[in-house]
Structure formats: structure tokens, C-alpha cells
Amino acid sequence: MESNSVPVAGPVIEIKGLHKTYVTTDGRVDALSDVNLTISQGDIYGIVGMSGAGKSTLIRCINRLDTPTSGDVLYQGRSVTAMNRAQLEATRRKVSMIFQQFNLFMQRSVAGNIRYPLEIARVPSDKADKRVRELLKIVDLEDKLNAYPSQLSGGQKQRVAIARALASEPEVLLCDEATSALDPMTTQSILALLQDINKRLGITIVLITHEMAVIRQICTRVAILDGGKVAEEGPVDEVFVHTQSEAGKRLFGILPEAPDEDPDMPSLRIVFDGASAEKPIMSNLIKESGIAINILSANIRHLGGRQYGQMLIEMPSGPHEKETVVAYLTSHGMTVKEVNTK
Amino acid sequence: MSTDQLVHLLWTGLLETLRMTIPSTLFAYLIGMPLGVLLVVTRQDHIMPAPRFNAVLGTVINFLRSIPFIILLVLLFPVTRVVMGSGIGTRSVIFPLIISAFPYVARMVEGSLNEVDHGILEAAQSMGSTSWQLIRKVLIPEAMPSLVNGAAICMVTILGYTAMASAAGGGGLGTIAIIKGLNMRQSDIMYSASILLVLLVQIMSLAGAYSTKRIDHRNR
Ligand SMILES: Nc1ncnc2c1ncn2[C@@H]1O[C@H](COP(=O)(O)OP(=O)(O)O)[C@@H](O)[C@H]1O
Ligand SMILES: [Mg+2]
């Protein structure tokens with residue numbers, strides 16, 4: 001996996017004090033409450049959260065498919081909420097979007113789908129044809145030019161949707177659960193494609209998902225959304241290693257309620273903050289100390305020969321055991337926190 | 001009546017029926033189609049929300065649709081005379097047929113357009129489409145198979161109305177079946193005209209269903 005370093009660049013999208021309240025017959029739903037985010041040029045910006053956290057609402061406010069109740073979204077410093085129709089239409093050509101359900105035009109061929117953004121921008125026919133072929137090449141579907149969406153697999157459909165979204169030469173690509181309807185293998189190939197588009201074409205990507213794995217795999221920054229609020233935000237490696245919020249811990253699969261089960265067994269949360277992956281630290285610890293350590297949950301990822309992630313362990317009570325373990329782990333470059341029994 | 005005479009009578013009737021049905025359907029669509037589009041796109045959750053307008057339009061269309069054709073034919077008589085130059089005859093009956101059918105067409109079109117997945121429209125919106133582009137390049141083409149099916153149904157319905165047009169001297173197969181066949185007790189004329197009408201309806205329905213399937217790219 002390549003490192004996710006980003007060149008320093010200015011903000012493309014700024015979300016400022018965004019609120020969205022839906023009023024339904026059952027009452028009011030505060031889908032977003034005071035969301036503030038800055039998405040910079042070249043980012044693959046992940047927005048993660050449980051179902052109903054407000055992710056779709058947030059991304060839809062960026063291109064004004066939804067209108068915020070209050071607050072603002074700035075695109076290249078210009079208020080999206082204040083734009084008139086013509087300005088909004090022009091902005092939407094520069095801020096494309098793909099969807100979980102692909103949303104292809106079913107009565108248009110693959111070529112016809114990709115051509116649509118060019119048609120509405122009145123690109124001359126011969127130029128449009130050429131562009132369609134280029135785009136099909138980018139998404140690796142050159143042989144499907146004349147196929148219809150109903151003849152394609154889910155992954156192929158999403159590729160067509162991506163090609164269509166790229167037709168207007170956008171600066172930003174919004175992805176709302178773009179891989180959530182796909183199997184793991186296909187998800188990998190779509191994520192690779194998105195990463196490629198980000199690198200090669202310099203397109204800023206805003207990616208919504210409920211899967212932490214997707215964030216870890218391609219995102220540079222992440223915002224964790226919980227109940228319409230940003231629980232945590234920052235570079236992916238940092239947020240991943242120093243998870244602060246309850247929502248984050250839940251999404252990372254660290255189980256804060258585990259210690260309740262056995263109060264006599266102290267639990268420790270170990271943070272792998274780029275420790276060398278060469279040595280099997282945990283097994284060495286068990287071997288050398290002879291302490292029976294029980295691993296409750298682990299979520300470790302290897303990035304460039306180093307380990308990132310967290311592990312939750314429990315061990316027999318006694319100050320001696322705990323001290324030994326903490327000392328050993330600390331000396332091997334790990335951060336150890338006692339998990340407070342609630 | 002000789003076979004030749006019968007064939008001639010039926011052929012004339014068939015042409016008259018088509019001369020009423022086809023222009024009526026076309027004009028009913030000319031009026032009903034835009035209204036059907038408006039019924040859909042001005043809904044609160046659609047691409048050009050205008051809920052008050054939508055409610056008024058819906059009410060007017062329901063009102064017009066609730067007037068039975070035969071009543072409308074009579075009520076419209078003075079207007080028909082002014083618009084068509086005459087109150088009776090094959091050509092004149094087209095006017096009440098259009099007035100009677102366009103609200104029906106509007107609802108039919110509305111139903112077809114409602115089948116278009118909202119996500120597809122949102123995708124097109126997200127690409128910076130104008131409302132007009134959404135309607136012309138997405139909403140209508142995506143609904144086309146269903147619209148064609150609806151058009152066939154509308155045509156068959158209007159064909160049914162033409163049989164009642166005999167009340168206004170409309171002519172056609174319906175008139176032949178009723179006046180010559182039923183009233184003058186010539187059962188061969190009545191049955192052959194009726195069978196021809198049934199065949200016509202069958203052909204239109206089948207053609208509609210076939211075209212609908214042909215142009216639909218969704219299931220292959
Ligand atoms: N059009 C709507 N009308 C009413 N409530 C809505 C609407 N869209 C979303 N919501 C509500 O807003 C909240 C956030 O929804 P959403 O943004 O779709 O969440 P996510 O994409 O994170 O699953 C949910 O409680 C949802 O029920
Ligand atoms: Mg969602």
C-alpha cells in the first residue's frame with residue numbers, strides 16, 4: 001500500500017456550520033447539526049458513519065441535491081447555497097457524483113450514458129465520440145460501448161457511472177456508498193480505479209461509506225459522522241491510531257463494553273502507532289513474561305512495513321502483571337491505555 | 001346486401017373509424033402529454049416543485065375526466081359547431097373526442113413518468129441538467145416503453161368512444177354496427193362490423209405491447 005501523503009493545497013470545498021432538519025409528519029429529524037469540514041485539493045476525503053448518521057444528507061448538500069436548513073457550503077470559495085440556477089448547473093458540472101445504485105440511464109447504451117453530460121454541455125458530436133472512447137479506456141470498458149446497462153454486472157455499471165461522472169472534466173467527484181452494493185473483489189477494483197483517478201487526473205474525491213475498511217484503504221482524511229455531528233476528523237492514520245470518539249471506536253470494532261464482562265481482568269487498549277511489523281511483539285511478550293494474555297479484539301493494518309491499529313487485551317489482575325505488560329509494550333514503541341471499566 | 005356492398009360498407013366504416021381515432025389520439029397527446037409531464041414534475045418531491053399548481057391541475061383534470069363522453073358530446077355541441085364549422089359528422093366529432101380524451105392521456109402519461117426511478121433523475125440533476133433537459137432527455141426517454149404502451153391503451157379507448165360518436169353522426173364501424181346492424185336488424189352487418197372493431201382493438205393492443213417490448217432496453 002502506498003502512503004497517503006498529499007501535497008499542501010488550498011480548500012476546494014468548505015462546509016460551514018451546516019444544519020439540515022427534515023420536517024416529516026412524524027416530527028423533525030436533525031440529520032446534520034453544525035457540521036464544519038474543509039476538503040482540500042487532491043484529498044480523498046472519507047466520511048464514515050453508521051446508517052442514518054447523515055452521510056448522504058451531507059454529501060447531497062455539497063451539490064445542493066439537498067438544501068441545507070442553515071450554514072453554507074463553499075465551492076472554490078463561492079457559496080453553493082447562494083448560487084442561482086445557472087451558476088449551480090455550472091458548478092454541478094465541476095462537482096460530479098456517483099451513487100450506490102449506479103443510477104444509469106437504462107434506455108441509453110453505455111456510450112449514450114457517458115455522452116449525456118457532453119450532450120447537455122453541447123459538445124460537438126465528433127468531439128463527444130472521441131471523449132466517450134477516452135473515458136471508456138480510463139474505466140477499462142472499451143468493449144462495452146454499445147451494451148446497455150441491463151447487460152452489465154454491478155462493477156461494470158459503476159465503471160460506466162464513473163466514466164459518465166468524469167465526462168464533464170470535474171474537479172471533484174462525490175461518491176455516495178459507491179462500493180456498498182458490490183462484492184469485495186469488485187469493491188477492490190473500484191477503489192483502485194478511484195485512487196487512480198485521484199492520482200492521474202488530480203480529481204478531489206469525497207467518499208461516503210459505512211465501511212471503515214474502505215476509508216483505511218484509499219482515504220487521506222476522514223470525518224466520522226455520528227448522529228449528524230462530526231465526532232472526529234483528521235488524517236486517516238492519525239484518526240485510526242488515536243481514535244477518540246465513541247463512534248470511531250465502534251466503527252473500528254474496538255469494543256468498549258468488553259471489560260464489563262469480567263471486572264477482575266484488567267483490560268488494556270494497545271495502540272500500534274507505526275511499530276515495526278517485523279517482530280511478533282505480542283507473542284514475544286507472552287513467551288517472555290509468561291502472562292496469560294487474552295486478545296479480545298484486534299484491528300491491525302500493515303502500512304509500509306509498519307503496524308497501525310489497536311488491540312484490546314485482558315490479563316490476570318495484579319499490579320505486577322499489568323506493569324510488566326505496559327513496560328514491555330511501551331519499550332517497543334506502543335501506546336498503552338487502560339480501558340476504564342464503566 | 002351483396003358481399004361486395006358489405007365489404008365496401010365495412011371498408012368505408014373502417015376508414016372513418018381510423019379518421020376519427022388517429023387524429024383524436026394525436027391531438028389528445030398534444031394537449032395531454034405536456035399536462036401529464038406537468039402533473040409529475042410540479043410535484044413537491046420532483047424536479048420543478050409547484051404543489052399549489054399541481055393540486056389545481058390535478059383537480060381540473062379529474063373533473064374533466066369524470067364527465068361521460070356521451071354527455072360531453074352533447075354539452076360541447078355549440079362549441080364544436082364554432083370550432084369545427086359543424087356540429088355533426090366524422091370530422092366534427094374529433095373535437096369532443098379530443099376534449100374527452102386529453103385528461104385521460106394526461107393521467108396515463110403521469111403514470112408512465114412516475115415509473116422512472118428518482119435516482120436516475122437525481123443523477124442527471126447532479127450533472128447540471130436544466131429542467132428542460134431533464135424532461136426531454138431523461139424523464140421521457142426513460143419512460144418511453146411505458147409511454148408507448150399507454151398510447152396504445154389510449155388509442156383503443158378513443159376507438160371505443162368513436163362507437164358512441166354515432167350519436168353525433170360520426171360514422172365509422174360503430175355507427176354501422178348500431179344504426180345499420182342493430183336498429184335495422186341486419187345481423188350480418190352488425191356482427192361483421194363488431195368483429196372488425198374487435199380485430200382493430202386486438203391489432204392496436206398487440207402492436208402496442210410489441211413495440212413496448214422492442215424498445216425497452218431494461219431486460220435482455
Ligand atoms: N428526505 C428525507 N426526509 C426525512 N428524513 C430524512 C430524509 N432523508 C434523510 N432523512 C433522515 O435523516 C437522517 C440521515 O439520513 P442519511 O443522510 O440518509 O444517513 P446515512 O446516509 O448516513 O445513512 C436519517 O435519520 C434519515 O431518516
Ligand atoms: Mg446514505
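A residue counts as near a molecule if one of its heavy atoms lies within 4 Å of it. In this predicted model, ligand 1 is surrounded in that sense by a set of chain A residues: Tyr22(A), Thr24(A), Val29(A), Ala31(A), Met50(A), Ser51(A), Gly52(A), Ala53(A), Gly54(A), Lys55(A), Ser56(A) and Thr57(A). Sorted by class, this shell holds five nonpolar, six polar and one charged residues.

Strand S1 (11-24), strand S2 (27-40) and helix H1 (55-62) of chain A each contribute at least two of its residues. The largest share, three residues, is supplied by H1(A).

The side chain of Thr57(A) places an N or O atom 2.5 Å from an oxygen atom of ligand 1. Backbone atoms take part as well: an N or O atom of the Lys55(A) backbone lies 2.9 Å from a ligand 1 oxygen, and a polar backbone atom of Gly54(A) is 3.0 Å from an oxygen of ligand 1. Taken alone, ligand 1 exposes 560 Å², of which the protein buries 61%.

A second site worth a look involves both chains. Ser126(B) belongs to helix H6 (residues 118-126) of chain B. Is Ser126(B) buried or exposed? Ser126(B) has a relative accessible area of 1%, so this residue is buried. Leaving aside residues up to four places away in sequence, Ser126(B) touches Asn63(A), Leu65(A), Arg92(A), Val95(A), Met97(A) and Phe99(A). Within chain B, a polar atom of the Ser126(B) side chain lies 2.7 Å from the backbone oxygen of Ala123(B).

How values were computed. Residues numbered from 1 in each chain as written. Chains lettered and ligands numbered in written order. Predicted model: local features only at pLDDT ≥ 70, side-chain atom pairs only at ≥ 80, totals over all residues. Heavy atoms only, no water. Helix = DSSP H or I, 4+ residues; strand = E, 2+ residues; numbered from the N terminus. Buried < 20%, exposed > 50% of the residue type's maximum accessible area, 1.4 Å probe, protein only. Polar contact = N/O pair within 3.5 Å; in protein donor to acceptor, adjacent residues only side chain to side chain. Contact = heavy atoms within 4.5 Å. Areas by Shrake-Rupley, 256 points an atom, 1.4 Å probe, with all protein chains shown as cover. Nonpolar A, V, L, I, M, F, W, Y, C, P; charged D, E, K, R; others polar.
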